[in-house]
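Visitor: I would like a close look at one part of this model. Please start with the whole and then go down to a single residue.

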Amino acid sequence: AASKGTTNAVKFGMSPRQKLMVGVGFCGSFTTFSTFSVDVVNMITKGQMVKAAAYVATNNVGGFAAAAMGMMFVRKLCGC
């Protein structure tokens with residue numbers, strides 16, 4: 001008989017390995033964002049408004065730029 005975890009993974013169309021990868025990815029991104037948020041709040045509470053704003057802007061612009069470059073790379077790679 002299949003274990004409950006295997007049954008749920010099959011139910012969602014994912015293998016146990018895929019389910020693990022999705023869970024790890026979600027938790028990893030959640031903790032990264034939490035750390036980013038704590039850093040920004042700490043800067044603001046110390047009165048470092050310009051530093052906090054620059055940190056937020058740099059992370060957001062950098063994130064969007066990295067995503068765009070990744071998408072362009074994949075498009076060139078697969079010819080999409």
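What does the accessible surface of the protein chain come to, and what percentage of it belongs to carbon and sulfur atoms? After that, please take me to valine 56 and tell me where it is found.

Guide: This is a predicted model. The accessible surface of the protein chain is about 6600 Å², and carbon and sulfur atoms account for 73% of that area. Of the chain's 80 residues, 6% count as buried. The chain contains three helices and zero strands, so read from the N terminus, its elements follow the order α-α-α.

Now to the residue you asked about. Valine 56 lies in helix 3, which covers residues 49–78. At 1.5 Å a residue, its 30 residues should span 44 Å, and the C-alpha atoms at its ends are 43 Å apart, so the two values agree. Just after helix 3 comes glycine 79, with a positive phi of about 70°.

Part of its surroundings can be named. Leaving aside residues up to four places away in sequence, valine 56 touches Phe36 and Val40.

Terms used:
Residues numbered from 1 in each chain as written. Predicted model: local features only at pLDDT ≥ 70, side-chain atom pairs only at ≥ 80, totals over all residues. Heavy atoms only, no water. Helix = DSSP H or I, 4+ residues; strand = E, 2+ residues; numbered from the N terminus. Contact = heavy atoms within 4.5 Å. Expected span 1.5 Å × (residues − 1). Buried < 20%, exposed > 50% of the residue type's maximum accessible area, 1.4 Å probe, protein only. Areas by Shrake-Rupley, 256 points an atom, 1.4 Å probe, with all protein chains shown as cover.
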